[in-house]
Amino acid sequence: MAAAEVGDEQAFEDPTVNELCERCAELLGQEAAVFLPSGTMANQISYRVHCRQGDEVIVEASSHPIHFESGGPSAVAGIVLNPVQGRRGLLDAAEVRAAIRPRHRHSPRSRLVSLENTANMGGGAAWEVEAMRAVVAVAHGAGLAVHLDGARLANAAVARGVTMAAFGSMVDSVWLDFSKGLGAPIGACLAGSKPFIEEAWRVKQQLGGSMRQAGIVAAAALYGLEHHYDRLADDHRRASRLAEAIKAMPGLDLINQPVDTNLVFFSTAKTGIAAADLQERLMATGVRIGAIDQWTMRACTHLDVDDEGIERAVEALASVVPVAA
Ligand SMILES: *Cc1c(COP(=O)(O)O)cnc(C)c1O
């Protein structure tokens with residue numbers, strides 16, 4: 001990062017950012033890409049570009065834009081989110097077809113289908129390429145665009161043994177986060193057609209997302225792509241090991257099985273210990289696992305957790321969950 005060649009990003013004069021954008025456009029199977037401070041901004045910008053105020057975006061009910069973007073889709077993009085209940089954060093073609101509204105002056109206009117790969121709250125579930133293609137075909141057939149939230153698209157591609165472009169090239173906009181499994185401190189790249197990215201730049205400017213010597217952080221993103229992509233398979237193997245151990249623990253129940261990638265969700269309900277409580281007990285042993293709601297915990301494996309760390313987490317869980325549960 002310290003050695004990165006830099007320039008004025010918003011004048012397209014930062015060679016490191018330019019390299020990252022070219023690289024990402026290719027990796028995501030699109031014509032062009034723009035570097036952004038965060039994935040959340042990538043979702044807001046995409047909704048703004050694809051939709052007009054009052055339009056509707058079809059999403060799975062557990063998706064990130066509904067739960068974790070501070071209402072940004074309505075506040076920033078002026079759109080209505082239509083939450084459709086799927087399984088593990090994924091939708092099928094029939095569910096999407098049923099959610100598309102017939103044109104009527106009283107109804108919001110169905111304009112966009114927004115998918116997530118992997119689905120975070122679905123347990124890190126990875127799409128099958130053909131299942132996504134079927135959903136995209138339904139959306140495009142009805143005149144809707146498709147957006148792909150690829151916060152963990154690298155995990156999905158590694159898990160399914162395909163390129164990121166295998167997913168990215170079938171949709172109208174797609175982004176990848178560098179600050180999740182790839183381990184960079186900041187940033188996401190949003191990719192699409194040249195006209196889409198040109199419009200995305202306008203909104204990026206409006207939101208204050210245009211930067212100056214952003215090559216410093218783009219260098220970390222390039223490093224993550226180069227050195228932390230293939231190793232995602234290790235995170236997945238470790239998450240499976242953790243899930244196997246949790247499955248064997250009386251009182252704890254795995255949620256959203258199978259574990260496709262690096263996230264492991266489990267319920268503490270049968271132990272009678274609230275998730276926040278268990279989180280605190282684990283923290284006291286130096287093990288950090290997130291509490292999602294009253295009884296749900298979410299463990300995430302990443303480049304700072306090695307095999308020994310997984311064994312320590314298993315021991316810590318066994319020590320804080322009462323055997324009698
Ligand atoms: C983390 C995440 C985001 C937001 O990305 P940021 O870079 O943290 O803004 C969006 N969607 C999903 C599925 C995520 O997991």
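In the predicted model, the shell around the ligand is formed by S38, G39, T40, H64, E116, N120, D149, A151, R152, W175, D177 and K180. By residue class, this shell comprises two nonpolar, five polar and five charged residues. Two elements of secondary structure, the helix α2 (39–50) and the strand β6 (173–177), each contribute at least two residues to the shell.

A backbone N or O atom of G39 is placed 2.8 Å from an oxygen atom of the ligand, while for T40 a polar side-chain atom is found 2.7 Å from an oxygen atom of the ligand. N120 also takes part through its side chain, a polar atom of which lies 3.5 Å from an oxygen atom of the ligand. Of the 380 Å² that the ligand exposes when taken alone, the protein buries 87%.

In general, two packed helices are described by the angle between their axes and by the distance between the axes. The axes of α2 and helix α9 (residues 194–206) come within 9 Å and cross at roughly 120°, and the two helices are therefore oblique to each other. The crossing that α2 makes with α9 is right-handed.

A second pair consists of helix α12 (residues 275–283) and helix α13 (residues 307–320), which pack with their axes 10 Å apart and at an angle of about 120°. Because of this angle, α12 is oblique to α13. The crossing in which α12 passes α13 is right-handed.

Most residues other than glycine have a negative phi, and most peptide bonds are trans. In this model, however, a cis peptide bond joins N117 and T118, with omega at about 0°, and T118 is located in the loop between β4 (110–116) and α6 (129–141). A cis peptide bond also joins Q257 and P258, where omega is about -5°; P258 belongs to the loop between β8 (253–255) and β9 (263–267). As for phi, S70 has a positive value near 55° although S70 is a residue other than glycine, and the position of S70 is in the loop between α3 (64–67) and α4 (72–75).

Notes:
Residues are numbered from 1 along each chain as its sequence is written. This is a predicted model: local features need pLDDT of at least 70, side-chain atom pairs count only at pLDDT 80 or more; totals for chains, interfaces and linings use all residues. Side-chain values use heavy atoms; hydrogens and water are left out. A residue is near a molecule or strand if one of its heavy atoms lies within 4 Å of it. A polar contact is a pair of N or O atoms within 3.5 Å; within protein, one must be able to donate a hydrogen and the other to accept it, and residues adjacent in sequence count only if both atoms are side-chain atoms. Accessible areas come from the Shrake-Rupley method with a 1.4 Å probe; for residues, only the protein chains shown count as cover. Helices (H or I, at least four residues) and strands (E, at least two) are DSSP runs, numbered from the N terminus. Ala, Val, Leu, Ile, Met, Phe, Trp, Tyr, Cys and Pro count as nonpolar, Asp, Glu, Lys and Arg as charged, and the others, Gly among them, as polar. Axes are lines fitted to C-alpha atoms, for helices over the stretch in contact, and angles run from 0 to 180 degrees between N-to-C directions. Angles under 35 degrees count as roughly parallel, over 145 as roughly antiparallel, 65 to 115 as roughly perpendicular and the rest as oblique. A crossing is left-handed if the near helix is turned anticlockwise from the far one by less than a right angle, and right-handed if clockwise.
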